[in-house]
Amino acid sequence: MNSAIAHQPPEFLRCGRYTFDASVPRVIGILNVTPDSFSDGGRFLDVERAVAHALRMHAEGADVIDVGGESTRPGAAEVPADEELRRILPVVEGIVAADVAVSVDTSKPEVMRAALAAGASMINDVRALRAPGAVEAVARTQAGICLMHMQGEPRTMQHAPFYLDVSAEVREFLLRRAQACIDAGVDRDRILIDPGIGFGKDLAQNLALLNALPDLACAGFPVLVGWSRKSSLARIIGRQTGDRLAASIGAALAAVAQGAAWVRVHDVRETVDALAVWCAARAGRLTARRLAATDAAAPDRTVHPDIDTRSFP
């Protein structure tokens, strides 16, 4: 049997000098420093404003800040590596200086190496480290890795995506990529897998993946789901324009209920609050993190290096 399938998910996710308990829901805050991202493109081109937003998301409960310098929305064109680095490196350095865990959303090995040298703790790759040299760029570090499934390329991925069995095909792809990382020397407890909602999938395929998430969550790796503000949510709620906040929160709760260990979101405070209620209702009690947050004398909720022992929420 493939060794990537034969293990239970690790108890912790290691991301550089940060370690997160993988048994409780975690939140990644999205920070796009691009002019053309689908939701927040152009809002955070200024470095100081971008870093301030990152620190605000962390204060609101984000465990990791995911910085992207190249849009991967449907129809997006590729950005040269030097431009991507110009956008992200000052922001990564500013967030790292505040002792906050940073992920960089990139598929380019040269960007990965530079981001990790600047202090990034995770690489989030929509192409699952398939570019030549990408696995090697990350394998010898201690950084966390998020491997995502995408059918096609951003420019064309939503042009009639087709699968015989979307859940089985996505699962097989992700486990194959995870095994490629393990074969290159990456420890299992550094790997997240992401089914890639909206990346080469139509609404029915997205919903099929959500329905099959419990099976993926039992495949040996913690699962990340990113459905925040995406157009498929607009189709579900029947409004193509306007606020998708409530729909995004509903998507995050549905993903966690189906077994996702991490959610990647734009609206951190609202998502953290909703997850707090969901987790408290499920456990029948407030857990340590929420009790600390309500105690005015408690220390701040910063994730410190080496190990994060907080329970969510």
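**Close-up 1. What helix H2 packs against.** The buried residues of H2 pack against strand E3 (26-32), helix H1 (47-60), strand E4 (64-68), strand E5 (102-105) and helix H3 (109-117). Helices (H or I, at least four residues) and strands (E, at least two) are DSSP runs, numbered from the N terminus. Those buried residues are Ala81, Glu84, Leu85, Arg87, Ile88, Val91, Val92, Ile95 and Val96; buried means under 20% relative accessible area, exposed over 50% and partly exposed in between (1.4 Å probe, protein chains only). An α-helix has 3.6 residues a turn, so residues three or four places apart point the same way. This is a predicted model, where local features need pLDDT of at least 70 and side-chain atom pairs count only at pLDDT 80 or more, while totals for chains, interfaces and linings use all residues. Residues are numbered from 1 along each chain as its sequence is written, and side-chain values use heavy atoms, with hydrogens and water left out.

**Close-up 2. The kink in H2.** H2 (residues 81-97) has 17 residues and reaches 23 Å from its first C-alpha to its last, close to the 24 Å expected at 1.5 Å a residue (1.5 Å times one less than the number of residues). Look at isoleucine 88 for a kink of about 30 degrees, shortly before proline 90; the bend is the angle between axes fitted to the seven residues ending there and the seven starting there. After H2 comes aspartate 99, with a positive phi near 60 degrees.

**Close-up 3. The open sheet.** Here 8 strands line up as E8-E7-E6-E5-E4-E3-E10-E9, with parallel pairing. E8 (191-194) and E9 (224-225) are the edge strands, each pairing on one side only; strands pair if DSSP finds at least two bridges between them. Strands E6 (residues 122-125) and E7 (residues 144-148) share 4 bridges, and methionine 122 has glycine 144 as its bridge partner.

**Close-up 4. The E1-E2 hairpin.** E1 (residues 12-15) and E2 run antiparallel, joined by 4 bridges. There are 2 residues between them, and glycine 16 in the turn has a positive phi of about 60 degrees. Arginine 14 is bridged to threonine 19. E2 (residues 18-21) is covered on both faces: Tyr18 and Phe20 are buried on one side, Thr19 and Asp21 on the other.

**Close-up 5. Leucine 129 and its contacts.** Skipping neighbours within four places in sequence, leucine 129 is in contact (heavy atoms within 4.5 Å) with Met112, Ala134, Val135, Val138, Ile145, Leu147, Arg177 and Cys181.
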